[in-house]
There are 2 protein chains.
Amino acid sequence: MPKNDMTLVEKANRYGTPMYVYDGDELKDHYDRIMSWLHQSAEVFFSFKANGNLSIASLLRSFGAGIEVASVGELLMAVKAGYSPQHIIFSGPGKRKEEIDTAIQHQIYCIIAESKEELTYIAESAKQQGKQVSVGIRINPESIESRAKIKMGGVPSPFGIDESKLGEVFDLFQAYEDTLLFKGIHMYLGTQVLDETSLLSSFEYTLNTAVRIKNEYGLTCQMVDLGGGFGIPYFQHETPLHAERLFQDVAEMIQAYESELDFPRFIIEMGRFLLAECGVYLTAIQYVKNSKGEPFLIADGGMHHHQAMTFRGRLLRNNYPMRLIKHSNQPVDVVKQTIVGPLCTPEDLIGRQVELPQGEPGDLLCIEKSGAYGLCYSPTLFLGHSSPLELLLFEGDDYIIRDRGHPEDLLLKQNMPFFKQRRVECETD
Amino acid sequence: MPKNDMTLVEKANRYGTPMYVYDGDELKDHYDRIMSWLHQSAEVFFSFKANGNLSIASLLRSFGAGIEVASVGELLMAVKAGYSPQHIIFSGPGKRKEEIDTAIQHQIYCIIAESKEELTYIAESAKQQGKQVSVGIRINPESIESRAKIKMGGVPSPFGIDESKLGEVFDLFQAYEDTLLFKGIHMYLGTQVLDETSLLSSFEYTLNTAVRIKNEYGLTCQMVDLGGGFGIPYFQHETPLHAERLFQDVAEMIQAYESELDFPRFIIEMGRFLLAECGVYLTAIQYVKNSKGEPFLIADGGMHHHQAMTFRGRLLRNNYPMRLIKHSNQPVDVVKQTIVGPLCTPEDLIGRQVELPQGEPGDLLCIEKSGAYGLCYSPTLFLGHSSPLELLLFEGDDYIIRDRGHPEDLLLKQNMPFFKQRRVECETD
C-alpha cells in the first residue's frame, strides 16, 4: 500500500484527484524480496499488460526485470523503457503479421508461438528478412495431475499448442532449421491463483515437459517459461499466498531440474502479483446525498479510470478493498454507504453498502490494490472524462509519470466533422 | 445494418481491419422515420455517451438532433460538432465544479441538477460569474404504477432528486430566484427497455409530474425531458419494439398534455436506439486452430475495441449478433466455432460455439448492432493495440471519421522514463 494516509492526502492536495499513486520503494522491496527467495535461479519478467505505464516498466527494468509483451505497441514501449532485446519475450494468440515482422526485426529474446500456423508465418517472415529467429512455444497441457491429486488443464483453448501436437511442431522446426531456433517452452495455467499447491504443480508439469522434450525429441530448452498466475487477495474470504515459502519451493524445484535440463534460463511472469499492492487509486468525494433513506457518496473518479473496482466480469459482487480518509479529525460513525462514480450509468458503482466512516465532500477515497489492471483495463473514453494523473513515489521524489488528461485528448485521431453545412433548419431559440 | 456484405468486404480491403463502419444513410432514414412518427411534438436529443465520435454527433446535428452531454469533455466536443448552446443539455450525478462553471459560461439550454447540493453549487457559481443559469432537475420517482399495473421505480438511487424532496428543491430555486431559472424536469427510468407499455408508463408519469408541479408549486416547465430507454434486440429471445406504433403513441400522449403544460419543449433522449443498428465492427480472421477437437477462430479485433460483444457485465453469456463473410465462394459447412480476439486473456472471447460457416484466415467477421457502446465503452489501452479506424458511409462518400491508431498513441501524456541510469547489472546476453 503506497505510503500512509497523510502522504496520500498531501499528494491529492498537491496534484488533484482522481489519481493513481504508485509506491516505487515498496515495489523495489517487493521485487528484491522475491528475487532473494528465488536465489537467482529464475528471472522475473513483468507482464506489461498488467500496467501500461512506461515509467513503471522502466523502473522494473532498473531493478533487473525482463518483460513479456503481447503486442507491437507493448514491444515498442518496452524498448523505449530501456529493455534490451534479450530481456523481451512476445506472446499472444493473435499476433498480426506486421507485429511478427517487427519482433523479428528487433531480434528479441524469443517470440512465443501459439499455433502451428503462426510458427509457419514466423519462419516465412524471418526467411524473407534473411534472419534467424528464436522461437519458444506455448503448450496447452494434455492434463495435469496436481500435487493435490486434482486434475487440471486438459481443456480446448485458443492459447498455446496442444501437447499432443508437439511432434508436428518439432517437424516444422526441422523443416525450417535454417530459420527457426527452438528456444524453449512456455506454459501458463491460470490467473489469480491463491493456492500454492496448484502453482507448484503447474511449474512441475512444465519442468517435466521440458525433460520429456529433451528425452523424446532430443531438443534442449534454452528457456523454460513457467508462466505465473500468482494471485493476490482482494476480498475477505481470500488468503494471501505464503510468498516466502512458495518462492523458496519454486527455487528448490528449479534447482532440482536445472542440471538435467542443461541450465536453461528460467522465466517467471509476473504482473498482478508484482504491482497490484503497490498502487492505489485516489478519488475525492464530491457530493453526499440521501435517497429514500440510503446514503450515497459520489466520487470524482469511477469505472472509466478503474473498471476492475466496479465488479467487471465478476459474478460475486463483493466490494473492492477501499478505505475512506476523512479530511477532518472529527470522530464520525461507521455506516453502510453506497459509493458511485460520476458517470451517467448504474454500472459506475464503486462499492455497495460499504462500511466506512460517514463520508463528506472533500473526503478522500482510497481504492487499494490498484497497481495492476487499473487504468489500462478501463474504458478511458467512456463519457468523455479526462484520464487521471499517475504519480510515482520513489526514493523521496515525486514523479508525474502520466500527466492528467485534457478534454482535447478526446479528439485524438478524430477528423473534423464534415456535416455542419448540411444543417438547414433555422435557429429559433 | 450498414450496407451489404460486398460493400463491407470492399471497405475492409481498402481501409484494413479492425474497423467500425457506420451507415449514415440508414441513420438518416431511421432518424427521419422517428421524427415523422413523433409529428414534431418532441425533439430527439442524442445521448453522446453512446458514441463519442465527433462526426457522428455532427451528422446527427445536421439532421436536427439536440444533444445530451454528461461531462465537460462531451460538452466541448458537442460545441465543436456544431451544436448551438440551445441544443445542449448537461446531466450526470457527479459533475465537477469546474464542469459546472464551464457549462454556465457556455449558457447551454439547461444543466440538469441531480441533487440539492449540486443545485446550490450551480447557483453559487452563476452568482460568482454574474450570470443567470437555466436548470432542470432530474427526479427519482416515488413509485410508478405502470399501465400494466406493475409498480416500478421507488428505489434509492444516486441519480436524480427524490420526488418527495421537490418542495425543498423549489425552496432553493426561490432562494436563488435572481440566479436560477427553473427550466423543467427530467426523468429516466430504465435502459434497454423492450416493453412499450413500460416506456409509455414512464413517460406518462413524467408528464403527470410536470402537471403536478404546475398545480402544486405554480411552476411551469419550459422543458419536459422524458428520458429514453428504448431498447434494441441483441439476442434471439428479444423482440424489437414496435417503433411506429410506440412513437405515434408517444406523440399522442404529448399532444394530450401539451396545452395543459403550456406547450413546453418535449425532449426524448436516444443513444442506443438511434445508433446501435447503424454500425458494425469488422474484424478479420487471422488464424484458425483446433484444440482438442474444438475449432477456434482468432480475429484481429477484440474486447479492447468492442468490450460489449465480449459478455461484459452480462450474467447470461449469449453470443452477440454476428455473421461471417467468407472471402471465397466455395460452399462450406456451418459448424460451431469459438471466436476470440488477439488479447492474452480469456476475457477476449467474441463468441462461444457460434454456428457459422466454417472459418478460414481472411474471412471477415461482422459484429452487428455495434453503432452504440462500441469503441467508447472499451478499454482501448489494454494490451497496447492501436485503436481501430472508424468509417462513415454517407450519400455515396466514405468518411474516415477516426484514423487508425498508432503505437505512438500509447505514449499520450506519458512522461519519459527516469530510471534508465539506475540499472547496474551488466548485459551478459
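Predicted model: local features only at pLDDT ≥ 70, side-chain atom pairs only at ≥ 80, totals over all residues.
Student: Is strand S13 of chain B mostly covered or mostly open?
Tutor: Strand S13(B), residues 279-291, is mostly covered, with eleven of its 13 residues buried.

Student: Which way does S1(B) run against S13(B), and how many bridges join them?
Tutor: Strand S1 (residues 19-23) of chain B is antiparallel to S13(B), and four bridges join the two. Within this pairing, B:Met19 has B:Leu282 as its bridge partner.

Student: And how many bridges are there between S13(B) and S14(B)?
Tutor: Six bridges pair S13(B) with strand S14 (residues 294-299) of chain B in the antiparallel sense. There, B:Tyr287 is opposite B:Ile298.

Student: What about the hairpin of S13(B) and S14(B): which residue takes a positive phi?
Tutor: That residue is B:Lys292, with a phi near 50°; the hairpin has two residues between its strands.

Student: What does A:Lys292 meet in a salt bridge?
Tutor: Its partner is B:Glu142, at 3.8 Å from N to O. A:Lys292 lies in the loop between strands S13 and S14 of chain A, and B:Glu142 in the loop between strands S6 and S7 of chain B, so the pair joins two chains.

Student: Then A:Arg323 and A:Glu368: buried or exposed?
Tutor: Both A:Arg323 and A:Glu368 are buried. They form a salt bridge, with their closest N and O atoms 3.0 Å apart. A:Arg323 belongs to strand S15 of chain A, whereas A:Glu368 is in the loop between S18 and S19 of chain A, 45 residues apart.

Methods
Residues numbered from 1 in each chain as written. Chains lettered and ligands numbered in written order. Heavy atoms only, no water. Buried < 20%, exposed > 50% of the residue type's maximum accessible area, 1.4 Å probe, protein only. Pairing = 2+ DSSP bridges. Salt bridge = Lys/Arg side-chain N within 4 Å of Asp/Glu carboxyl O.
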